[in-house]
Amino acid sequence: RLSRWERRPQPAAPLSERQSRSVLDVKAAAEDLPVPPELPIEDLCSLTSQSLTVALTAAVPDSTEDVLLKGFATLGMEGERIETAQQFFSWFAQLQTQMDQDEGAKYRQMRDYLSGFQEQCDAILSDVNSALQHLESLQKQYLFVSTKTGTLHEACEQLLKEQSELVDLAENIQQKLSYFNELENVSTKLNSPTLSVNSEGFIPMLAKLDDCIAYISSHPNFKDYPVYLTKFKQCLSKAMHLIKTYTVNTLQNLTSQLMKRDPSAVPNTDNAFTLFYVKFRAAAPKVRTLIEQIEQRSEKMPEYQQLLNEIHQCYLDQRELLLGPSIASTVTELTSLNNRDHCALVRSGCAFMVHVCQDEHQLYNEFFTKPTPKLDELLEKLCLSLYDVLRPMIIHVIHLETLSELCGILKNEMLEDHVQNNAEQLGAFAAGVKQMLEDVQERLVYRTHIYIQTDIIGYKPAPGDLAYPDKLEMMEQIAQSLKDEQKKLSSEASFSDVRLEDPESCGLAKSGSAESLNPRHQTTISPADLHGMWYPTVRRTLVCLSKLYRCIDRAVFQGLSQEALSACIHSLLGAADSISKNKTQVDGQLFLIKHLLILREQIAPFHTEFTIKEISLDLKKTRDAAFKILNPKTVSRFFRLNSNNALIQFLLEGTPEIREHYIDSKKDVDRHLKSACEQFIQQQTKQFIEQLEEFMTKVSALKTMATQGGPKYSLSQQPWAQPAKVNDLVSSTYKTIKTKLPSTLRSMSLYLSNKDTEFILFKPVRNNIQQMFQKLHALLKEEFSNEDLQIIACPSMEQVHIVYIEAP
């Protein structure tokens, strides 16, 4: 068969060229196999190492003979000798058989080993099959038992469920019936003659009754629902009647006991008030528990709310019965004690009502836990008795000081201090105080209008009020004498070592000298700055505004302040005119400037706008339209049926306009102050350099005529501009400045007494004088020769400046 593989021409397993080459390579490599190391190199017939089963040493034997002996010993042929070919072939066949047996022994051994395993696996498989059959039988039996058990369990569960449903149904029916069954128990207890609202079982019975009514009301589909609900309502009415009777009787008995203690029923002492509260506080625990139960149920059932309202009304009626006459008597007593002192009366009356309101709230909290608006209504009614007594007095007060102080008491002490700190208890008192405050403010505004009309607008100045600058000079002399006296005392004290033994007298002397006789203090204050030296209308206006500022509303204050300031400015203008006529124009102007400065300075701290809006009706268009319609030419257009009808045009064009304009008193003061300062500057400038202004005006007119084509001119040739004339003019002006400047500065210092203000006011005058002299110097250099300039002898700018420096 192997020969067929390569037999040609049709080989059974032909090899590829590459396979052939591989076989040839293997063959070539096998031809040169190394000789086994156990055989002698020269023995070409030695056996291969693979055919021997004995272990050979790695070392080369000593001789070939030894190797052959060992080989034969292995084959059991130690005693045989191979001499013929037949013996060799026999030996070779035996050797080959032995090799085949040795080679197949391990395979047979493995086969026997595997056969044993196969027999064991067959036995195991048989056991497994038997076990599976048993398990299958068990599974069938388990399923049968499980099915039977599940069926039994479901049946038991169904029975238990039905049992539970029946038990729940029975309990539900019993629970529902329990509310209906309570009717007999509640009726029996309410009809019992020994039942008391203070007994331990009354409140639980009341709670059970409420639960029954609530339950029956929520199930209107029950049988006999109206009957049982009506019966339970009747029981509730009986219970509430018992509570109401007990509470009302308790309160009325307290009132009757307190009234019997005072037959006149007009208790007016502190002991009576104390007794009123002590008795009620002692009785509060008797009814508080019942009232708490009513308050807890008042939001759930209207019957309890009605009962609570009735108890509130009864309590408040009893308190009013006790407190009404007592409060009226106390207010009358306070009125008699403070008949002439309205402020003390208002303060003591309000303090009394504050205590009453607080005590009433505290007593109310002893009985009740929930508030009621009826308490505030009662307290407002009680406070009204104080208001009724105070209001007739308030509307007859004519003094602004008293009215402003009353506003301060009501607004600051009562509303801001007492009410804000305890708004809950003093709510009713706050309402009465606010009403009283509004009356006082209304009276204050009314009296302020009258005050402005009579004491500011209608003020008739006395001669002493217009004695300027005499009164200022007199006050300055007094201050100077006190200053000199103080200097004399201080110089005497510096040379004396005597000390006063009384430290208090020493302290008074020191304080007096420091406060009233301090030279520095006196020198920094002008007599015109003293409050008593102000013009009366200014003093009255500022005092009036200071009293109104914190007493009335901001809008009302703005209107009154504008009216007062306008009247004050008008009075100052009249006084300044009178002083200007009686004394000098400078005195009148400085008087007006000083007092306007005082006004502006004193109204600055008022944090408000002195602005009011006035609304006026402009009838100018109405007047023009009326003139048009009265024109004879328009008579024919009266009955035209188009847009040119005269009556329609009159209605459209003659509609009056509403105009709004704002009046700002602060700006009005500033405007008059600015006008007064400008007039003062103009008057002083005219006083000092009027002649130079006239001269410069003539020169300007002459130059204008020359530039417009007139004849040429020579200024020095003009009769009024000759050097001698100009010299007289300049000398006269310079003399006027030197003589009148000190008196002007003296008047400014006397009235203003403020170096900064004096400098600011006089600076424009000084600048006008300097500018005039600068123009004059430029004109003289341009129009006159050096000889003429020497004749004119115009003072230099340095000389003019020295005049200001040398002036006191």
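The structure holds 15 salt bridges, and a few of them are worth a look in this briefing. Keep in mind that this is a predicted model. The protein chain runs to 808 residues, of which 33% count as buried, and its secondary structure comes to 25 helices and two strands.

**The chain as a whole**

- Take the contacts between residues at least 6 apart in sequence: 75% of them join residues at least 24 apart.
- The chain exposes about 50,700 Å², with carbon and sulfur atoms supplying 55% of that area.

- As background, side chains of opposite charge can pair when their charged atoms come close.
- Arg347 and Glu413 bring their side chains together in a salt bridge, at 3.1 Å from N to O. Arg347 sits in helix 9 (residues 342-367) and Glu413 in helix 11 (residues 400-421), so this pair ties together parts that are 66 residues apart in sequence.
- Arg600 and Asp670 make another salt bridge, with 4.0 Å from N to O. Here helix 18 (residues 585-603) contributes Arg600 and helix 21 contributes Asp670, so the pair ties together parts that are 70 residues apart in sequence.
- Arg600 is partly exposed at 42% relative accessible area, and Asp670 counts as partly exposed at 32%.
- Arg111 pairs with Asp112, and the closest N and O atoms of that salt bridge are 3.7 Å apart. Arg111 itself is exposed, with a relative accessible area of 52%.

- Which residues gather in a patch of negative charge on the surface? They are Glu162, Glu165, Asp168 and Glu171.
- Glu162, one of that group, belongs to helix 4 (residues 85-190). Glu162 counts as partly exposed, at 36% relative accessibility.
- There's a nonpolar patch on the surface as well, formed by Ile124, Val128, Leu132, Leu135 and Leu138. Together these residues have about 470 Å² of accessible area.
- Leu138, a member of the nonpolar patch, also lies in helix 4.

**Buried spots and their neighbours**

- Is Leu323 buried or exposed? Leu323 is buried, and its relative accessible area is 0%. You'll find this residue in helix 8 (residues 302-337).
- Leu323 and Leu382 are 59 residues apart in sequence, yet their C-alpha atoms are 8.1 Å apart in space.
- Thr335 is in helix 8 too, and counts as buried at 15% relative accessibility. Setting aside neighbours within four places in sequence, Thr335 is in contact with Leu345, Val389 and Met393.
- Gln683 lies in helix 21 (residues 665-707).
- What does Gln683 touch, not counting residues up to four places away in sequence? Its partners are Gln585, Val586 and Gln589.

- The peptide bond from Tyr468 to Pro469 is cis, with omega near 5°. Pro469 has its place in the loop between helix 12 (427-457) and helix 13 (470-494).
- Ser753 isn't a glycine, but it has a positive phi of about 50°. This serine is in the loop between helix 22 (723-751) and helix 23, and it is partly exposed, with a relative accessible area of 24%.
- Ala793 also has a positive phi without being a glycine, with a value near 55°. Its place is the loop between helix 24 and helix 25 (797-806), where Ala793 counts as partly exposed at 48% relative accessibility.
- Ser785 is found in the loop between helix 23 (755-783) and helix 24 (786-792). Ser785 counts as partly exposed, at 32% relative accessibility.
- Ser785 and Pro723 are 62 residues apart in sequence, and their C-alpha atoms are 9.8 Å apart in space.

Notes
Residues are numbered from 1 along each chain as its sequence is written. This is a predicted model: local features need pLDDT of at least 70, side-chain atom pairs count only at pLDDT 80 or more; totals for chains, interfaces and linings use all residues. Side-chain values use heavy atoms; hydrogens and water are left out. Patches are made of residues with over 30% relative accessible area and no salt bridge: like charges are joined within 9 Å, nonpolar side chains (Val, Leu, Ile, Met, Phe, Trp, Tyr) within 5 Å. Accessible areas come from the Shrake-Rupley method with a 1.4 Å probe; for residues, only the protein chains shown count as cover. Lys and Arg count as positive and Asp and Glu as negative; His and the chain ends are not counted. The place of a charge is taken as NZ of Lys, CZ of Arg, CG of Asp or CD of Glu. Helices (H or I, at least four residues) and strands (E, at least two) are DSSP runs, numbered from the N terminus. Buried means under 20% relative accessible area, exposed over 50%, partly exposed in between (1.4 Å probe, protein chains only). Contact means heavy atoms within 4.5 Å.
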